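I open this page to keep track of what I look up in the structure. The entries follow the order in which I went through it.

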Amino acid sequence: MSLIWIVGLVFFLAFLAPFIDKRLGKVSGYLYALLPAALFVLLIRLLPAIIDRHFIVRSIDWFPLLHVRLSFYLDGLSLLFGLLITGMGTLVLIYSGYYMQHYPMRGRFYFYILLFMGAMLGLVLANNLITLFVFWEITSFSSFLLIGFNHERPEARAAALQALLITGFGGLAMLAGFVLLGNVGGSYELTDLLQNGAVVKSSKMYVPLVLLIMVGAFTKSAQFPFHFWLPGAMEAPTPVSAYLHSATMVKAGIYLLARLQPILGGTDLWQFSLGLAGAMTMLVGAYFAFTQTDLKKILAYTTISALGMLVLLVGMGTELAITAMVIFLIVHSLYKGALFMIAGAIDKTVGTRDIRHLGGMWPVMPIAAVATFLTLFSMAGLPPFLGFIGKEVIYDAKVQAPQIAVYLAILAVTANIFMVAVAFLFGHGVFFGKRKDPPKIPKEPAIPLLIGPAVLSVTSLFMGIYPAIITQPLVMPAIDAVNASPVDLHMKLWHGLNLVFLLSVITITLGLTLFFFRKRATKALRKFNQRYFKIEFTDLFRRLVENFLSFTKRHTEVVQHGYHRFYLMLIFIVSSLLVWYQLYHTRGWGFQANWEEIPFYLLGISLLIITSAIGAVFTRSRLVAIVLLGVIGYAMAFIFILYGAVDVAITLILVETLILVLFVMVIYHLPGYMPKYSRPASRIRDGVIAIVFGGFMTALVLKAEFIKLSPPISDYFLKEAFTKGHGRNIVNVILVDFRGLDTMGETVVLVIAAIGVISLLKLKPKKKEEEE
Amino acid sequence: MEIILAIVIGVLYAAGVYLLLRRSIVKLILGLIFFSHATNLLVFLAGSLSKVSPPFVQEGQKVAQSTVADPLPQALVLTSLVIGFGITAFALVLIYRFYQSSGTVDFDQLKED
């Protein structure tokens, strides 16, 4: 089956979800799980081909002119992500089947989450940068809808908006970066770009395009200083947190960086920026996870930390680092998805997820406790879990990193010490110690809520004991895709007594120490936070948005002031200045001011028009103004006759008479000429504007006289009016024959105006009802 | 010969601009009429003014003589005149109704509402 159909199918079923839900009711959630499960099997079946490096490329034209193709590409890296998306998707949908059953608008939830799933699959399968961007934005958008799913809560709405603004901003920056990359690399297809890495790296645009793309990846993957939207996103229902905000969507940034690593990576800029951002994020996340009390917030901060670790590893870019990245990616998705599901299950059954109100749950929910501890051990990196292998490889990668090995190793160990402590804090806080005062009587969570954690923790254990199961088919092709060169990899639990093992021991020991002194440690750290970490990123961001909004409001009020005449004034001033500048620039108009050549009647008519115009402007009587306007009209008719335009003159006289009559009729009903509305200063200002405008029109006419254009088309009319149009009055022939369509349009305008006039006169005005 | 007409056009435009910048709606319409007069004259002037006999094909001839005026600007001005009339009529009725329902002929008071 074509890759295009896979993505299309998910989208199609997503749109059907609300209707299916209406039909089937509560069971629909379990039914939806079949879709990702089927896709998971399908992708597994593609594995052998990928291992043999038979990559799949499918494409159809989308916007061929813009080089946008709907093209898809499946290699080891996309396949790994595809399996994560569909595999986690299956478990999460089973979980949602129970978790969401009493939610109103359940159908909408499944619509959003399937929409996300389709977009995420499209994102990791896309071969065209623009296609990738489109799917990327759909994931941001569906994340927004899902975070704000409980939209009655103002916190949920604020968090959703915050996430959308940050990831949307990043997405736009990334688009700009993609366009640059496409221009420099000569193609928008990833498969082409992978061949052109050297060209891109040596181009002048390399620095801006890398920075822009990084902004996109960092915002999506919650890297410092954009990390704060992720804890806010915990407002979403828990299945969403487990799926989007730990296992899949936030890994999109990692995916992008890993995907572009062969094209952009290896430079100082790349290593330094990713290393710095990753390391900062890793520490900030681990540190803040320790002082949280909400289970989901704890998990969110550890997710941030893990994402930082992944970015750091991509940035290092060595073979070993990429290996560590891929393994840790799998490890993290397994344990973090499971932990989120457990946090949600506890919340659902006990009624709170505040660690201060939990404790002593071990006897009442043994299955949940076992699953939790299995996953926590993996998170803490204890043997024999996959997490242990992941951590070992990471340490190995860092110890062997060039130059900065010591610092990186210290950073990683510090972050992991916190991770170990957090893992124990989480497990102990929920399941051991004294039972506190939970809102509901604790019992074992329902089976659908435990399937996911159970499957994931057992998988993690199993893969830790038999790592070869995933190395050959999954990890190696993915590394292969990032490194673009085949690797040989052997993972095992026991590496022997070496520096890496020593670091692991140190990590676990110090982590446990931190855990045993947790009360004092958390107290001290909270105090420390209150004193030195007063800046709340969410508040800062909110203030930024508010300032921006009030700035644009003020700005808009200046530009869009609502005064009709000032809009006009702006147009007049700008056009006058532009034309005056152009006239001055080109100059070269000449006119013979030979006043004696002007016939006296023309001079007289002109003077009449000018004086009437001035009179009409300054008179205090409306009637005088109208009469003077009529005088101008008739005088113009006279000019038309002088120059042979008989028909125009006749029409003008008719029109002028009609307008005069209409005007007098209307004026009769209006109040007299108003008391002076405007101050003398503004009159002078308007007068100046009027003179400047009128002046340039005069200059324009004089200048136009000296411009010779191509021969006038009038000659054609003169020649053919009688032979083709069969009329002796050439103007008439033009109107009704040569330009007949114009005249028809004109007639239509008249009809519309007439209809408008009639309906305006017939409609009775509404009486003002309320007298307040 | 054009210079005097060019000045007339300038004056008409200036008067139109000045009136359009007033607060009164009645003056706005006066300004519009000035504008259309000025523009009509401008278009008319675009043709040559040196030939002054009306653009007719003489009886018994098939082609117009070379002395007739340019017919195209005349046709354009005619069209514009008629459309201008439609617009002015509509605008007049509109301000009449506007005054009936709002009780003012001042643009600024319209904004306050």
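**Annotated domain, chain A**

I began with the UniProt record: an unreviewed entry places "domain: NADH-Ubiquinone oxidoreductase (complex I) chain 5 N-terminal" on residues 66-110 of chain A. UniProt positions are given in the numbering used here, feature names are shortened, and annotations may be inferred rather than shown by experiment. I note that this is a predicted model, in which local features need pLDDT of at least 70, side-chain atom pairs count only at pLDDT 80 or more, and totals for chains, interfaces and linings use all residues. Residues are numbered from 1 along each chain as its sequence is written, chains are lettered from A and ligands numbered from 1 in the order in which they are written, and side-chain values use heavy atoms, with hydrogens and water left out.

For residues 66-110 of chain A I find 64% helix and 16% strand, with the end C-alpha atoms 34 Å apart. Helices (H or I, at least four residues) and strands (E, at least two) are DSSP runs, numbered from the N terminus.

**R106(A)**

I looked up R106(A) and found it in helix α5 (residues 106-125) of chain A. Is R106(A) buried or exposed? R106(A) counts as buried because its relative accessibility is 13%, the limit for buried being under 20% relative accessible area (1.4 Å probe, protein chains only). Leaving out residues up to four places away in sequence, R106(A) touches D21(A), G25(A), K26(A), M100(A) and Q101(A); contact means heavy atoms within 4.5 Å.

**Interface of chains A and B**

I turned to the interface, where 85 residues of chain B are in contact with 92 residues of chain A. About 8,600 Å² is buried between the two chains, 79% of it from carbon and sulfur atoms; this is the accessible area (1.4 Å probe) lost on putting the two parts together, summed over both.

How many salt bridges does the rule find across the interface of chain B and chain A? The rule finds two, taking a side-chain nitrogen of Lys or Arg within 4 Å of a carboxyl oxygen of Asp or Glu. R728(A) forms a salt bridge with E59(B), and their closest N and O atoms are 3.4 Å apart.

On the side of chain B that touches chain A, two or more residues come from each of α1 (2-20), α2 (25-46), α3 (71-102) and α4 (107-112) of chain B. α3(B) gives the most, with 25 residues.

**Annotated spans, chain B**

An unreviewed UniProt entry gives "transmembrane region" for residues 6-21, 28-49 and 75-96 of chain B. I checked residues 6-21 of chain B: 94% helix, 0% strand, end C-alpha atoms 23 Å apart. Residues 75-96 of chain B are 100% helix and 0% strand, and their end C-alpha atoms lie 32 Å apart.

Note on methods:
Buried < 20%, exposed > 50% of the residue type's maximum accessible area, 1.4 Å probe, protein only.
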